[in-house]
Amino acid sequence: MKYLLTLIAYLSSIFSVAAQQVDTTYIWPTSASPYLSSTFGETRSAHFHAGLDIKTWGREGYRVYASRDGILHRLIVTNQGYGKAIYLKHNDGTYSVYAHLQRFIEPFQHIADSVRLVDFNYEMDLPLEYQNITVKQGEVIGYTGSTGVGPPHLHFEIRDTQNNPINPLASNLNIEDTTPPLFRSLMIEPLSVDASINQKKAPVAINPVNIENDVYDFGEVAVAGTIGISANVYDQSDRVNNRYAVYELLLIIENDTLYHEQINQFDFDQSDQMFLNRVPAPESSRRSFQRLFQKDGNNHPFLLKSERHSKGNFSVPYKIIARDFYGNEAIATVSFYPDLEIPFIYHTQAYDSLSFFINGYWTEDWISMDSLVLDLTSYKYQNLLIDGKSILKRVYPEESYGFYTPDFRLHTQFLKDTFFDTLSVLASYSVIGDTAKIHLIPASLPSKRPYSLQFYLGDLWQDSSKFRLYEFDPTKESYSFIESYVKGRTLTASPSQLGEFTILSDTTAPEITKPVLVSTFGTNQSYQIQVLDNLSGVNPKSAIFKINDVQGIPEYDFESDTFTYYHPTFKPGKKSTIYFEVEDNAGNKTTNTFSL
């Protein structure tokens, strides 16, 4: 620590003093390119994209510049997320962020090394504002890379004085863009129990029937009841083929604006609103549609105006305007006519077909499949025991709930404000051989926060087994590890969303491949090891990497499951003895020693 303080004092003396007069002009933060691969406000797995992604053409090592005068606020290194990132604080109290870096400049790297070499942990989060290390606009502060998540690129953010992101294109920064957005499809959703679209009680996606001069005609759709319109639309720019978020969306009928949003800024505590604003098509997990109506419980940060849901207007077409930040726009039109009356069966009495509940189309208040519709608001469905292994429970967001399946084997606990709106939750399980499958439905309706899940393993238990919980994605037919543990004969986990889960035993240790010598940056080289694990996945925090008995930092690449040895004094020699150990997320350990 004494070394760290001395180093920081030295850095404070060699960096120039920030200008007294506040200058809010930004410069482009990298030499890589003037082109974007992603824009502000785009859909991510669990949040809105908080900045601009600048293209680096699949390469690393381009210079990254301080976009304005400021002081070094924070250095972080993470396995996922931002990877290696620099936070600067500017004289007006705002911030800029530079992420997914290959490395920091040497003085900043020395700071990171002095902290990480204490425990050889790859990750760190180091606040540094109190040291008043100043940087000038245009100074090199790092180099582009691919640390964290994603291919090589520079992620750049501008944040306000509360450390919340704002659209960088609202500053003096700009890109070359004369290309309008492009509509791919629209989706019509039923929003009331009596609603239907083309004689269906589920969302219907439609494609344009005619395109002319950036006007997309989606024809006519038969509707009944209260409906909502969503748009699959993306922006473009000149000279590149990337797809971006559309800056502005409007839904208009005649001269009445029903919906209006602009992507200008958001607070990080509003990130979960993405789940209600960006939704997937049926039979898909990709959130490619943007709703043009305000869902109950939704207060997303880009909303300027939203009228209450209404029944389809059959006299005039609806018009959707998609506009980018520079005013280039495309228009979509869609018309509605009355849907035919369908002899739907509306059940308010208790209905206990488990297959219906698992395979039906869910909303907060009703379920439908084929011609059958269940009204979940009925008192019959407030607390329905379907069989010995399933329970349907009405959940109100302002209350906490804990409930068991009738045989007490599966237990779920939802705290207050777990969900955005009142809804019904089905908890069900089945045991097949040596695995258990759990359904917590509806997976299509999002939650705000994780909840508790406990399952009694019973006869599944084996002393040598290491059971963990995995979320199953039916669209990709893949499993994702959920942080979980077994105590006694009970498995406990905290999933973030409802869905389909499987309990599996992982007793196979990871496989360590032979180390290879790779280029790191410049003329530097180091050894890299890939770790293969076919189920629970690699636990990067468990890795220990030594070369010739000198422990280094195991720098982890999430995308490739590789570890690269890092020590500031390391230079490869003619002979090396390499020791490496790592565990998977089920606790299975592998160790190996290589003589090269």
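Trainee: Which residue of strand 38 is the bridge partner of Tyr470, and what makes the two strands a pair?

Mentor: The partner of Tyr470 in strand 38 is Phe481. Strands pair if DSSP finds at least two bridges between them; strand 37 and strand 38 (residues 478-482) have 5 bridges, in the antiparallel sense, and therefore count as a pair. A strand here is a DSSP run of E of at least two residues, numbered from the N terminus. In the hairpin of these strands, with 4 residues between them, Glu477 takes a positive phi near 50°.

Trainee: How do you know which residues and features may be discussed in this way?

Mentor: The model is predicted: local features need pLDDT of at least 70 and side-chain atom pairs count only at pLDDT 80 or more, whereas totals for chains, interfaces and linings use all residues. Residues are numbered from 1 along each chain as its sequence is written, and side-chain values use heavy atoms, with hydrogens and water left out.

Trainee: What makes strand 37 largely enclosed by the rest of the structure?

Mentor: Buried means under 20% relative accessible area, with a 1.4 Å probe and protein chains only. In strand 37 (residues 467-473), 6 of the 7 residues are buried, so the strand is largely enclosed. Strand 37 is also joined to strand 41 (residues 499-505) by 6 bridges, and these two run antiparallel. There, Leu469 has Ile503 as its bridge partner.

Trainee: Why are strand 32 and strand 39 said to stand at the edges?

Mentor: The open sheet of 5 strands has the order 32-33-36-40-39, with antiparallel pairing. Strand 32 (401-404) and strand 39 (484-487) each have a single partner strand, so one side of each is left without a neighbour in the sheet. Within this sheet, strand 33 (residues 410-414) and strand 36 (residues 452-456) pair over 4 bridges, and Thr412 has Leu453 as its bridge partner in strand 36.

Trainee: What makes a space a cavity, and how many of 30 Å³ or more are found in the whole structure?

Mentor: On a 1 Å grid over the protein atoms alone, a cavity is a set of points where a 1.4 Å probe fits but cannot get out. The search finds 4 of 30 Å³ or more. A volume is the space filled by probe spheres set on the points, which are joined across faces, edges and corners; for the second largest cavity this is about 130 Å³. Lining residues have an atom within 4 Å of a point.

Definitions and conventions: Buried means under 20% relative accessible area, exposed over 50%, partly exposed in between (1.4 Å probe, protein chains only). On a 1 Å grid over the protein atoms alone, a cavity is a set of points where a 1.4 Å probe fits but cannot get out, and a pocket is an open set with protein on both sides within 12 Å along at least five of seven lines; lining residues have an atom within 4 Å of a point.
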